[in-house]
Amino acid sequence: MSSATTFSLSDRGLKLDTAEDTNPHTEPLRTSQSHTTIHLNGNTLGAPACSALAPLLSAQTSLESINLADIFTSRLLSEIPPALSSLLTSLLPLQNLQIIDLSDNAFGLNTQAPLVDFLRKHIPLRVLILNNNGLGPEAGALIADALSELADKKAEARKEGKEVPSLETV
């Protein structure tokens, strides 16, 4: 069994707008696909940078936990949905990924769609951390519905004999 490895850009205050901006910081993700934990929190990521990160993230087949808190500071509301969609779509195939922190991102109603789509599909999810996301009651209800749908899919997977973690924290 391989040992746990962490890739971290945590709280560096990087402003990564383009694919080229990500290159000097992501070499460890390109050279190893065995990271179990990734911290991208505390930086600001544009949609092109997220698109560049997506294949690097999806290659991390051992990934168990990702911290995406506070990654859209100073971004226009219109930039966040495609950026978030790139990141979350890349995480969908990762069957070991159980913990996701998306705190301190101003999602709101206009930005909830990629999150709702991800939550409906990612059966391995065990811990979802959403704090200070500005979701409001309408977006909160959509997320609650997605989590309900996820619970149904988890139950169905268990009936098929699959080992699926319960959703423990939201």
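Student: Which residues have the most contacts inside the largest nonpolar core, and how many residues has this core?

Tutor: In soluble globular proteins, nonpolar side chains tend to be buried together. A nonpolar core is a set of buried Ala, Val, Leu, Ile, Met, Phe, Trp, Tyr and Cys residues joined through side-chain atoms within 4.5 Å; buried means under 20% relative accessible area with a 1.4 Å probe, protein chains only. Here the largest such core has 44 residues, and Ile66, Phe72, Leu91, Leu102, Phe107, Leu115 and Leu119 have the most contacts inside it. At least two of its residues come from each of α3 (47-58), α4 (80-91), α5 (113-121) and α6 (136-159); helices are DSSP runs of H or I, at least four residues, numbered from the N terminus.

Student: On what kind of model does this rest?

Tutor: The model is predicted: local features need pLDDT of at least 70 and side-chain atom pairs pLDDT 80 or more, while totals for chains, interfaces and linings use all residues. Residues are numbered from 1 along each chain as its sequence is written, and side-chain values use heavy atoms, without hydrogens and water.

Student: Is Thr26 buried or exposed?

Tutor: Thr26 counts as buried because its relative accessibility is 2%. This residue is found in the loop between α1 (19-22) and α2 (27-31).

Student: Which side chain does that of Thr26 join in a polar contact?

Tutor: A polar contact is a pair of N or O atoms within 3.5 Å; within protein, one must be able to donate a hydrogen and the other to accept it, and residues adjacent in sequence count only if both atoms are side-chain atoms. The side chain of Thr26 joins that of Arg30 at 2.6 Å.

Key. Buried means under 20% relative accessible area, exposed over 50%, partly exposed in between (1.4 Å probe, protein chains only).
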